[in-house]
Amino acid sequence: MGAINGKTYINRLDSMETEIWFDGKRLEGRLSEHPAFKGVIETKASLYDLQRNPDHMKEMTYSSPSTKEPVGLSFLQPVTKDDLYTRRKMMERWAGHTCGMMGRSPDYLSTVLMSFACSATILKEQENCFPAHFQTVYERARENDLSFTHTFITPQVNRSQSYFEDDDAPVSARVIDKNKDGLIIKGARLLATQGGLSDEVLVFSAPSKLLFETGEAFAFSIPSDTKGLKFICRDSFVGGSSTFDHPLSSRYEEMDSIIVFDDVLVPWDSVFFYDNPDASNKLILESSFHHFATHQVLTRQIVKLEFVLGLAELLIETIGVREYLHIQEKVSEVIIGLETMKAMLEKSENDAKQDEQGFMRPSIIPLRVATNIFPKIYPRFAEILQLIGASGMVTLPAENAFDSPIKPDLDKYLKGTNQTAEDKTRIFRLAWDLTMSPFGTRQTQYERYFFGDPVRLAGILYNSYPKQEYVSNICEFLDLNERG
């Protein structure tokens, strides 16, 4: 099959019998027509159409090593720095198409699965591990252009370090049994963005120093419509179908869900490992997962910051506040953040090295620096947009108002420096949707915790950064022979 188009994606999604619960009701009928999902499904379909567009296909696909059919470039396992650059240009194209708003565009999970396949040998000959299954699932995904959601977070019932669950009534998803056909999983996991809107669910356990109970340490991939699997959605942040009133949420509202496993059978050929906490830690901490996944995320986040910068400058032009120094200072913050992120991305590629398996990994240190920077600057940049827009972010008429008897009033009192009232309103509604609407505030929270607890991210950077050379320089300067 190879790289698919948008129609294939939608038809495949609509033909599945995935159990999705929204607003207390199980969804029936075509998922692609439901108002809470229609916009994001159409957007994902447009991404698949983009990769099949003759004008872009060469930079969006590559020849499958198995079938020679064109397949999505996000599945490419890089062995050279040129491969990394080629992957990045493809990911930039998709991110630009969605203004960087979709954290779970298909290339994110394709990249994650690719990284696991690259590093599968680290689980070789370990107990209850099937590293060959990574390659099998990866190749199946590549050849059929499968889309994925994923989950690895346990429910926030009790986050104290001393808490242990009752084995008879598991809350966090765990293995409760196994038979000749596979594992039986019961319990729940968070936080599946686009849960139910993809072909499969990639499930894996996050590493833990305390080490979860053995039954919670597993990894597998199963179809979204597997029997006993259900997705419980939060409230929708789609403000409406009007791209005038809700320019972002009408297109990019991804939906987040809880995944519940009601005695779900996971076939053995879909299991990567089970009952092995050490394997879980190795998969996340020693594999190329963080290298490649962060490389993809940073590519998208840079595109998003470019969007923020463009919007900030357009707001300034619209209301004529460029000469104010405090405005220039605020936008300079955005420029500095954007250029810093770009520098980290390029450094990760310039310092890339082949790993033991022969795959070219982006350098992890600049990527870790970026993951510590972005959660701090993005909420600040959202605030900067609010500060530039000021009261203009509040008194915003809807699209229908410009097709009503009050239009002359709007045209007179809401016009901008060089913009009609209607165009000025469109600009300000975009800024509102990005920073103040339910969609916008979710974006801020999402980016703040994209890679987890920011304090833990700082600890990871501190403990992994090569500091000893600099300490030795100080010791040499002070002529210290020994250090206690």
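The model is a predicted one. UniProt, in an unreviewed entry, places a domain named "HpaB/PvcC/4-BUDH C-terminal" at residues 281-478, and over that stretch the chain is 72% helix and 2% strand. An open sheet of 6 strands is also present, with mixed pairing, and the salt bridges come to 31 in count.

**Annotated regions**

- The unreviewed UniProt entry places the feature "binding site" at Gln156, Val157, Asn158, Arg159, Thr193, Asp453, Pro454, Val455 and Arg456.
- Arg456, one of these annotated residues, is found in helix H15, which spans residues 454-464, and Arg456 counts as exposed because its relative accessibility is 59%, where the cut-off for exposed is over 50%.
- In the annotated C-terminal domain, residues 281-478, the end C-alpha atoms are 40 Å apart.

**The open sheet**

- The strands of the sheet follow the order S2-S1-S10-S11-S7-S6; strand S2 (25-26) and strand S6 (174-178) stand at the edges with a single partner strand each, so one side of each is left without a neighbour in the sheet.
- Strand S6 is joined by 4 bridges to strand S7 (residues 182-193), and the two run antiparallel, with Arg174 standing opposite Lys186 in S7.

**Backbone geometry**

- Most residues other than glycine have a negative phi, and most peptide bonds are trans.
- A cis peptide bond, with omega about -10°, joins Leu190 and Leu191, and Leu191 lies in strand S7.
- Asp275 has a positive phi, near 45°, and sits in the loop between strand S12 (271-274) and helix H8 (277-285), where Asp275 is partly exposed at a relative accessible area of 23%.
- Asp479 also has a positive phi, near 60°, in the segment after helix H16 (468-477), and Asp479 is exposed, with a relative accessible area of 60%.

**A surface patch and a buried tyrosine**

- Ile474, Phe477, Leu478 and Leu480 form a nonpolar patch on the surface, with about 450 Å² of accessible area together; among them, Leu478 is placed in the segment after H16.
- Tyr62, in strand S3 (residues 61-63), counts as buried at 16% relative accessibility.
- Leaving aside neighbours within four places in sequence, Tyr62 is in contact with residues including Pro70, Leu73, Phe75, Tyr138 and Arg142.

**Salt bridges**

- Side chains of opposite charge can pair when their charged atoms come close.
- Glu42 forms a salt bridge with Lys38, with the closest N and O atoms 2.9 Å apart; both lie in helix H2 (residues 38-52), 4 residues apart, about one turn of the helix, and Glu42 is partly exposed at 42%, as is Lys38 at 37%.
- Lys89 and Glu92 also meet in a salt bridge, at 2.9 Å from N to O; because these residues are 3 residues apart in helix H4 (residues 81-97), about one helical turn separates them.
- Glu253 forms a salt bridge with Arg234, again with the closest N and O atoms 2.9 Å apart, and this pair links distant parts of the chain, with Glu253 in the loop between helix H7 (249-252) and strand S11 (256-267) and Arg234 in the loop between strand S10 (229-233) and H7.
- Both Glu253 and Arg234 are buried, and salt bridges with shared partners join Arg234, Glu253, Glu254, Asp256 and Arg442 into one network.

Key:
Residues are numbered from 1 along each chain as its sequence is written. This is a predicted model: local features need pLDDT of at least 70, side-chain atom pairs count only at pLDDT 80 or more; totals for chains, interfaces and linings use all residues. Side-chain values use heavy atoms; hydrogens and water are left out. UniProt positions are given in the numbering used here, feature names are shortened, and annotations may be inferred rather than shown by experiment. Buried means under 20% relative accessible area, exposed over 50%, partly exposed in between (1.4 Å probe, protein chains only). Two strands pair if DSSP finds at least two bridges between them. Patches are made of residues with over 30% relative accessible area and no salt bridge: like charges are joined within 9 Å, nonpolar side chains (Val, Leu, Ile, Met, Phe, Trp, Tyr) within 5 Å. Accessible areas come from the Shrake-Rupley method with a 1.4 Å probe; for residues, only the protein chains shown count as cover. A salt bridge is a side-chain nitrogen of Lys or Arg within 4 Å of a carboxyl oxygen of Asp or Glu. Contact means heavy atoms within 4.5 Å.
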